[in-house]
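Colleague: Can you walk me through this model? I'd like the packing and the domains.

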Amino acid sequence: MNSENHNLHIFFLPFPGHGHLIPTTDMARLFAARGVRATIVTTPLNLPLVSKIIEKSKAPSNSNINIVAIKFPSVEAGLPEGCEHVDSIPSMSLIPNFFKATSMLQEPFEQFLQQHRPDCLIAGAFFHWATDSADKFGIPGILFHGTSSFSLCASECMRLYKPHKNVSSESEPFVIPNLPGEIKLTRMVLPEYVINDDDESELARGRRKIMESAGRSFGVIVNSFCGLEQIYADLYQKLVGKKTWHIGPVSLLNKDIEEKANRGKQASINEQDCLKWLDSKKPDSVLYVCFGSMANFTDSQLKEIAMGLEASGQNFIWVVRRTKKANQQEQEEDDKQEWLPEGFEKRMEEKGLIIRGWAPQVLILDNEATGGFVTHCGWNSTLEGVSAGVPMVTWPVSAEQFYNEKLVTQVLRIGVPVGAKKWVRVVGDSVQKEAIEKAVRRVMVGEEALEMRNRAKKLGSMAKEAMEEGGSSSLALDALIQELSSRSGQ
Ligand code: UDP
């Protein structure tokens with residue numbers, strides 16, 4: 001079908017955060033591999049992040065991808081110059097300014113859209129204005145939320161039925177109405193923009209606009225596969241009243257070492273060194289610990305994690321979002337700061353590898369030595385864990401991560417919760433070392449671990465099948481391209 005799609009031109013507008021830029025770039029590559037012309041529209045400082053992913057892949061069809069940058073109005077929105085990525089927002093109080101800047105992007109983006117008139121726009125859902133922009137020029141606008149159908153359903157059911165308004169305390173559990181699976185939450189795991197969703201804060205308004213925009217869109221693309229969450233995929237389609245296409249896990253597009261190792265930032269470890277370390281370990285014997293690109297912990301929490309890992313007796317790779325210092329003296333000073341127990345690295349020389357900064361996550365997860373994943377339940381990480389067939393310790397922090405935790409632990413039964421009980425923006429809830437040790441042992445050793453691992457491996461195989469020719473995700477992508485082609489008369 002490739003030759004038929006040569007004239008189809010799709011714009012991709014990813015939200016400027018790693019959790020959106022990475023899967024959107026993979027998505028553009030998937031379309032390009034089917035002969036579609038893809039233009040990724042981003043901002044000047046995010047452009048290299050996108051181009052690096054594409055350059056590291058040798059696929060000839062990448063020549064169908066074009067990347068363009070439009071100016072991000074950081075200063076105009078009250079942000080420091082160069083603040084173009086959620087990673088670089090200097091303080092939490094400036095988050096609304098970041099969203100303001102994304103709104104201000106509408107006008108220059110529309111000018112660009114008018115000039116190029118693509119056949120379709122696929123936009124990150126935080127650009128809730130994108131549906132209307134596409135509409136103005138008669139272009140079908142598709143939204144990409146970047147999360148699971150399960151959490152989209154949970155979020156929509158929370159908005160519709162507001163069960164949190166019927167409990168009398170923060171810790172009293174309630175069931176999410178009309179969501180299959182008897183999913184229980186407490187008010188503590190909800191962000192304030194969900195608790196007070198009728199207030200007029202920038203974030204609460206933004207959430208409402210996203211839901212409304214999905215309802216007006218041409219449809220919604222989900223980075224997931226039907227076999228993983230069929231009932232929620234069906235329910236979401238019903239709730240949103242639009243077509244949905246489950247075309248993932250898109251990260252499975254990355255087959256070779258170079259592709260798997262180069263996603264997002266420059267990795268802080270050489271991929272060959274990382275593989276050498278992993279290859280020296282037995283299959284399923286290494287626990288990978290990483291909390292995505294945004295979550296942070298206090299020094300005392302990091303110390304608890306270190307002690308929990310040590311007490312668990314497991315091999316581990318632990319990604320700590322601290323960058324390596326420029327010189328040895330500064331590094332020693334940083335290490336002396338209370339975040340590592342004394343002598344930890346020496347004692348863990350054989351068993352543990354700490355990566356300070358950015359890890360080649362997919363490369364690590366896909367290695368056969370990796371047998372478990374402590375994750376913050378960001379959707380990309382969760383799905384990468386599912387694709388790799390590893391059981392998980394779930395440690396949600398913010399965003400929709402507490403919903404994803406329920407999918408992993410309760411619906412799919414491939415993980416155990418570490419016991420994080422409170423939604424916190426960026427800095428994770430505190431969890432004691434004993435709870436960490438216990439959860440780690442539960443996913444790594446014993447009968448329960450084996451059962452979870454078997455289920456996880458089965459899901460991993462199903463994920464791969466979905467992406468292969470004739471698989472559900474591959475067929476969904478074909479169907480979408482077909483629909484867009486016939487719409488544009490090509
Ligand atoms: N990631 C990575 N190395 C790291 C941290 C994150 O490659 O050290 C990638 C990870 O594989 C995933 C993305 O960054 O694709 C993070 O997205 P996710 O939705 O899991 O979490 P977020 O960062 O948005 O909270």
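Colleague: Which residues does L121 touch, not counting residues up to four places away in sequence?

Modeller: L121 touches F11, L13, L113, A130, A134, I139, G141 and I142. Contact here means C-beta atoms, placed from the backbone, within 7 Å. Bear in mind that this is a predicted model: local features need pLDDT of at least 70, side-chain atom pairs count only at pLDDT 80 or more, and totals for chains, interfaces and linings use all residues. Residues are numbered from 1 along each chain as its sequence is written.

Colleague: Which residues touch the most other members of the largest nonpolar core?

Modeller: F12 and L121, out of 140 residues in that core. A nonpolar core is a set of buried Ala, Val, Leu, Ile, Met, Phe, Trp, Tyr and Cys residues joined through C-beta atoms within 7 Å. Buried means 20 or more other C-beta atoms within 10 Å of the residue's own; exposed means 12 or fewer, and partly exposed is in between.

Colleague: Which helix gives the most to this core?

Modeller: Helix 9 (residues 226-240), with 8 residues. Helices are DSSP runs of H or I, at least four residues, and strands are runs of E, at least two, numbered from the N terminus.

Colleague: Where does the core lie relative to the domains?

Modeller: Between them, because domain 1 (3-252 + 465-487) and domain 2 (266-464) both give residues to it. Those bounds come from an automatic or database domain assignment.

Colleague: What separates the domain centres?

Modeller: 26 Å, taken over C-alpha atoms. The contact takes 35 residues from domain 1 and 30 residues from domain 2.

Colleague: Switching topic. What is the strand order in the open sheet?

Modeller: Its 6 strands run 12-11-10-13-14-15, with parallel pairing. Two strands pair if DSSP finds at least two bridges between them. Strand 12 (352-356) and strand 15 (415-417) are at the edges with a single partner strand each, so one side of each has no neighbour in the sheet.

Colleague: How many bridges join strand 10 and strand 11?

Modeller: 4 bridges, between residues 286-290 and residues 315-320. Y288 has I317 as its bridge partner in strand 11.

Colleague: And helix 17: how many of its residues are buried?

Modeller: 8 of the 11 (residues 401-411), so helix 17 is largely enclosed by the rest of the structure. Among the buried ones are F402, Y403 and L407.

Colleague: What do they pack against?

Modeller: The buried residues of helix 17 pack against several elements, including helix 6, helix 9 and strand 15. Next after helix 17 comes R413, with a positive phi near 55 degrees.

Technical notes. Two residues are in contact if their C-beta atoms, placed from the backbone, lie within 7 Å.
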